[in-house]
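Me: I would like to go through this structure with you, beginning with the aromatic residues. Could you set out the term before we turn to particulars?

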Amino acid sequence: MDLFDTISPIDYRYYGDSPAFLARMQPYVSENANITYLLRVEVALVRMLAEWDICSASVADQVEQASRGIKADEVYDEERRVHHNIRALVNCIRRRIPSESRPFVHLFATSADIMDTAAALRYKELVRDVLLPDLIDLEQRLISLATTYADQPQIGRTHGQHAVPTTFGYALALYVSRIGSRIESINKAHKNLRGKFSGAVGAFNALSLHCADDPAVLELELMESLGLKPVEPSVSSQIVEPEPLTDLVYSVISCFSVLANLADDMRNLIRNEIAEVVDRYTDEEVGSSTMPHKMNPKNFENVKSLWKEFMPRMSTVFMDQISEHQRDLTNSASARFIPELFTGFCYATLRMNDALAKVQPNRARMLDNLETSKHHVVAEPLYIMLALHGFPDAYDTVMQLSRESRRTGVTLLDLARGRADLAPYFERFSSRHNRILSDPTTYVGAAPTRTVAVCDYWELNCDTLRRVLQSEREASKSLPCGRLIHQSSSNGSS
């Protein structure tokens with residue numbers, strides 16, 4: 001199919017438009033990838049059957065070899081015939097192996113044993129191999145910007161109004177912290193994804209025919225061979241408990257919201273009337289089809305727009321927690337869209353990283369904007385200084401003087417210094433306090449030091465997590481049923 005014959009913008013505009021992004025995501029989010037992960041679980045099952053002396057190792061070898069050649073189109077052709085996706089997959093394996101080996105394919109399993117376990121494995125590896133590493137790259141980009149501009153004074157804004165000064169680095173450090181906490185949440189959630197192998201109603205009916213004493217032990221062994229765990233203590237219906245996947249999606253959507261908030265803040269700073277951030281463009285880029293002078297903060301707008309599309313899908317994931325009795329199929333279609341959600345988030349992460357690489361703070365404009373409000377933002381330090389030195393009505397007095405200043409155009413400090421009742425208090429102010437009143441750009445509190453502290457903390461955490469993820473990737477290859485199927489990337493290999 002031509003890429004532009006597809007329906008979803010994910011395919012023709014985002015996922016499919018970037019060869020590098022496609023190559024990284026395809027092994028996890030494509031339908032070929034889905035089939036590959038299902039096959040990996042079926043192979044792992046037969047491997048464990050051999051471990052349990054139910055079949056020979058040669059049968060497991062045959063199943064693994066057969067699975068290497070199976071592609072999604074073959075499975076879907078078979079599904080059109082039998083009208084069952086997992087039985088179609090099983091049939092594709094069975095037709096490739098000798099008749100005496102066929103009884104051991106899918107033995108003891110129900111469809112959800114394979115699908116839920118494959119989904120957990122698929123999303124766990126996607127998060128470990130792509131989503132978290134890219135998010136850590138973005139975090140480190142923010143850390144670099146925040147530390148570089150830790151001392152750069154900038155007017156603070158609350159309710160869209162000039163507040164008191166901060167620094168540009170400190171404003172970014174907030175996002176360093178917020179994204180850092182979301183990285184931890186995503187990491188915790190993806191490690192908690194669970195598989196199952198407990199049969200048609202989750203009560204181990206089929207497995208108990210082989211192991212009547214404690215069939216849950218066999219489930220645990222199979223999950224461990226794949227690098228997963230069952231729910232502890234092991235219990236399920238036909239489907240795995242949905243909360244671990246719900247928690248993962250929620251943590252990703254929560255992080256997506258932070259990216260959207262950062263996108264809003266940055267594109268507002270780029271606005272002409274603020275202009276505290278400059279967005280760099282190439283000579284070939286076009287901002288308007290009719291206004292040659294105009295350029296747009298499109299990267300930040302794209303992140304916000306993608307968030308608007310995928311954030312509401314969280315409600316569908318919540319609804320997918322509900323399944324009647326031991327199982328119904330009301331989540332069958334909706335759950336198939338979860339890879340789109342992860343893909344949209346991963347794309348937005350890269351787009352945000354690219355956008356931040358192109359922005360440059362406008363130091364002069366930051367100081368200009370501070371200058372326009374410097375006679376007003378001294379209200380807070382003045383009131384605090386007066387209160388600290390015992391003036392009884394400091395807040396109300398400064399508020400009245402501030403409003404008078406706006407009416408008359410006389411500066412707040414000149415009005416305050418003209419008050420006889422305030423003169424004794426001005427005499428008690430330290431040189432540091434007087435410097436702040438005369439130059440509000442120095443009234444940034446602990447912003448520079450807290451910026452460095454926050455960035456140091458999260459840089460260490462991210463460096464540690466990156467090493468852990470790399471170690472986990474290497475360790476997964478040595479699992480008994482680690483990466484059993486190594487197909488070409490076009491066939492969905494990971």
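Reply: Rings of Phe, Tyr and Trp, the last by its six-membered ring, count as a pair if their centres lie within 6.5 Å. Planes over 60 degrees apart make the pair edge-to-face. Please note that the model is a predicted one.

Me: How many aromatic pairs turn up in the whole structure?

Reply: The search finds 10 aromatic pairs.

Me: Which helices hold F256 and F345?

Reply: F256 lies in α11 and F345 in α14, so this pair ties together parts that are 89 residues apart in sequence.

Me: What about Y383 and Y395?

Reply: They also form an edge-to-face pair, with 5.3 Å between centres and 85° between planes. Y383 belongs to helix α16 (residues 379–388) and Y395 to helix α17 (residues 394–408), so the parts tied together here are 12 residues apart in sequence. Y383 is partly exposed at 27% relative accessible area, and Y395 is partly exposed at 49%.

Me: Which residues make up the aromatic cluster with Y14?

Reply: Y14 forms one aromatic cluster with F21 and Y347.

Me: Changing topic: what is the volume of the largest pocket?

Reply: The volume is about 1400 Å³. The pocket is lined by 49 residues, and R122, A335, R336, F337 and P339 lie nearest its centre. The elements that give two or more residues to this lining are α1 (9–15), α3 (31–51), α7 (111–148), α11 (243–270) and α14 (338–358).

Me: Which of them gives the most?

Reply: That is α7, with nine residues.

Me: And what is the make-up of the lining by class?

Reply: The lining of the largest pocket has 24 nonpolar, 13 polar and 12 charged residues.

Me: How many cavities are there of 30 Å³ or more?

Reply: The count comes to two. The largest cavity holds about 60 Å³ of space. Its lining consists of E31, N34, I35, L38, V75, Y76, E79, N85, I86 and R336. Two or more of these residues come from each of α3, α5 (72–82) and α6 (85–94), and α3 has the largest share, with four residues. By class, five are nonpolar, two polar and three charged.

Me: And the second largest cavity?

Reply: The second largest cavity has about 40 Å³ of space. Among the residues that line it are G195, K196, F204, E219 and V240. Its lining divides into five nonpolar, four polar and two charged residues.

Me: Let us return to α3. Why would one call α3 largely enclosed?

Reply: Of its 21 residues, 18 are buried, so α3 is largely enclosed by the rest of the structure.

Me: What span should α3 have, and how far apart are its ends?

Reply: At 1.5 Å a residue, the 21 residues of α3 should span 30 Å, and the C-alpha atoms at its ends are 30 Å apart, which agrees.

How values were computed: Residues numbered from 1 in each chain as written. Predicted model: local features only at pLDDT ≥ 70, side-chain atom pairs only at ≥ 80, totals over all residues. Heavy atoms only, no water. 1 Å grid on protein atoms, 1.4 Å probe; cavity = no way out; pocket = protein on both sides within 12 Å on 5 of 7 lines; lining within 4 Å. Points joined across faces, edges and corners; volume = space filled by probe spheres on them. Nonpolar A, V, L, I, M, F, W, Y, C, P; charged D, E, K, R; others polar. Expected span 1.5 Å × (residues − 1). Buried < 20%, exposed > 50% of the residue type's maximum accessible area, 1.4 Å probe, protein only. Phe/Tyr/Trp six-rings, centres within 6.5 Å; stacked < 30°, edge-to-face > 60°.
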